[in-house]
Amino acid sequence: MADQSTQHIGVIGAGVIGICCALNLQRAGFAVTLYDENGLAQGCSKGNAGHFATEQVFPLAHASVLKKLPSMLLNPLGPLRIDWRYAIKALPWFWLFLKNMNNNTYTANSLALKALNQHAISAYDQLLSNYNLDYLITKKGSLLTFEKTPLEQINSLLESYQAHGVNVELLNAERVQQLEPNLASTITHALLFNDVAHSVDPHLFCVTLAEQFIALGGQFCHQKVTAIEQAEHGYTLVGEQQQFAADKVIIAAGAWSKSLIKPLGYKIPLDTERGYHCMLASNYGLSRPVASAERSFIMTPMSQGLRIAGTVEFAGTQRKMNNKRALALLPHAKAMLKKSATSLHAQNTWMGCRPSLPDSLPVIGEAPFHPGIFFAFGHQHLGLTQGAVTGELITSLCLKRPTKIDIKPYCISRFSTQAACSSPIPHAQ
Ligand SMILES: Cc1cc2nc3c(=O)[nH]c(=O)nc-3n(C[C@H](O)[C@H](O)[C@H](O)COP(=O)(O)OP(=O)(O)OC[C@H]3O[C@@H](n4cnc5c(N)ncnc54)[C@H](O)[C@@H]3O)c2cc1C
């Protein structure tokens, strides 16, 4: 076996994806440096809803969205908003989003999501148990609740999940109350996803993993990487203050990955679906994540209170957050909780840039024209969920070993006719 310790890998981006890649690569024996211009987990991974949402195997580009789209867009504080100043820039993304609604494409994308999600929790179990950090994940399942949806429709959704092998059961109002007595009695039904987990502090989750990486000799460099240049052996990472040599490079810069790889000749329709959260001082007695199908948001009990999160906003990475969108989640939480929660107010609010591609799949794989550069970005609504499994896949690729699943669906060449997707190593199954 080659000695990995003589190979140096630079991981750009210290969000959940970069951190999980760094830890996995370090464990495989590589010398790893993690680069981030903003510190550890200060991007989208800082304030997500903490839901290891393995049940989410349905891509967002589904024909049913078209019906809801006009009413959603007319409500400036509703679940979806496109900033009119950003509309032209978002057009290519939406065009491809529409194309992904095609039945065959939708089915293929769904299978690819399922392939990642079905290994998501076991990959974390493996990663965390290496360092006795299993306590970082709480396994109590999650609820998807309904207030008005007809039972027939809920049953058909239940069947779709079951057809995808998701462990799910339908609960009536009484069983919902038994499980979560602090939810409002207006909830008529819920789907209980048994194999789902949550984090009570997603930021601390990332920082704890990164600190583990550093304690074991991993390097963290608080610096922006402005360019990646080919060198005689490997690559040069051009930092704002210094240059760094690397044999291999992992691009895990979330929503900012597009500008890093463009100078290398890779054009991708990566955009950001900005999302918001409001933090409430109490968790109102909830014990697991509770999402609302009709209100399109989620409430997760955390160590510092209840996090209510959701919404999608197309406005790019530069524009300031719109606090009204975060606060618009409050009335929904109020309606979903027992009367005792009528006085709830936000302790703080937050906005994060989900890195999203129009087919709801990440880009994972080696750069077709730059051997030794690997892509690990675009995890949209599921970056926390898919962090550990992405770290495993990237490590297998760097070791030139078979991957756990076929990575072809995540190859960058799905967006570019020039880039051939080379998959030289067969996957393990
Ligand atoms: C409201 C909300 C709720 C969510 N809830 C969930 C959930 O419950 N479950 C789930 O699975 N997912 C959830 N997500 C999605 C999840 O948070 C993201 O998919 C995930 O955080 C993306 O991780 P990342 O590491 O790719 O990106 P990021 O966390 O954004 O990290 C990228 C990092 O790269 C750094 N960077 C960028 N460019 C450079 C450069 N040139 N040089 C150096 N550093 C650079 C940035 O500073 C940043 O720290 C949610 C997202 C939002 C907004």
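What is the mean pLDDT of the protein, and what percentage of its residues reach 70 or more? The mean pLDDT, the predictor's confidence in each residue on a scale from 0 to 100, is 93, and 96% of the residues reach 70 or more. This is a predicted model, in which local features need pLDDT of at least 70 and side-chain atom pairs count only at pLDDT 80 or more, while totals for chains, interfaces and linings use all residues. Residues are numbered from 1 along each chain as its sequence is written.

**Overall fold**
- The protein contains twelve helices and 20 strands, where helices (H or I, at least four residues) and strands (E, at least two) are DSSP runs numbered from the N terminus.
- The radius of gyration, taken over C-alpha atoms, is 21 Å, close to the 22 Å that the globule rule (2.2 Å times the number of residues to the power 0.38) gives for 429 residues, so the protein is as compact as a globular protein of that length.
- Along the principal axes, the C-alpha atoms fill a box of roughly 65 × 45 × 45 Å.
- Of the 429 residues, 45% are buried, a residue being buried if 20 or more other C-beta atoms, placed from the backbone, lie within 10 Å of its own, exposed if 12 or fewer do, and partly exposed in between.
- Among contacts with a separation of 6 or more, 74% join residues 24 or more positions apart, a contact meaning that the two C-beta atoms, placed from the backbone, lie within 7 Å.

**Ligand shell**
- The ligand is surrounded by 43 residues, of which the closest are G15, G43, G254, G275 and G383; a residue is near the ligand if its C-beta atom, placed from the backbone, lies within 6 Å of it.
- Helix 1 (16-27), strand 14 (271-280), strand 18 (346-356) and helix 12 (383-398) are the elements that give two or more residues to this shell.

**Helix 1**
- Eleven of the twelve residues of helix 1 are buried, so the helix is largely enclosed by the rest of the structure; among them are V16, C20, N24 and Q26.
- Helix 1 is followed by G29, whose phi is positive, near 105°.

**An exposed position**
- L91 lies in helix 3 (residues 87-99) and counts as exposed because it has 11 C-beta neighbours inside 10 Å.
- The C-alpha atoms of L91 and A190, which are 99 residues apart along the chain, are separated by 36 Å.

- Over residues 420-426 pLDDT stays under 50, and the model has 14 contacts beyond four places in sequence for them.
- Where pLDDT is low, the predicted coordinates should not be read in detail.
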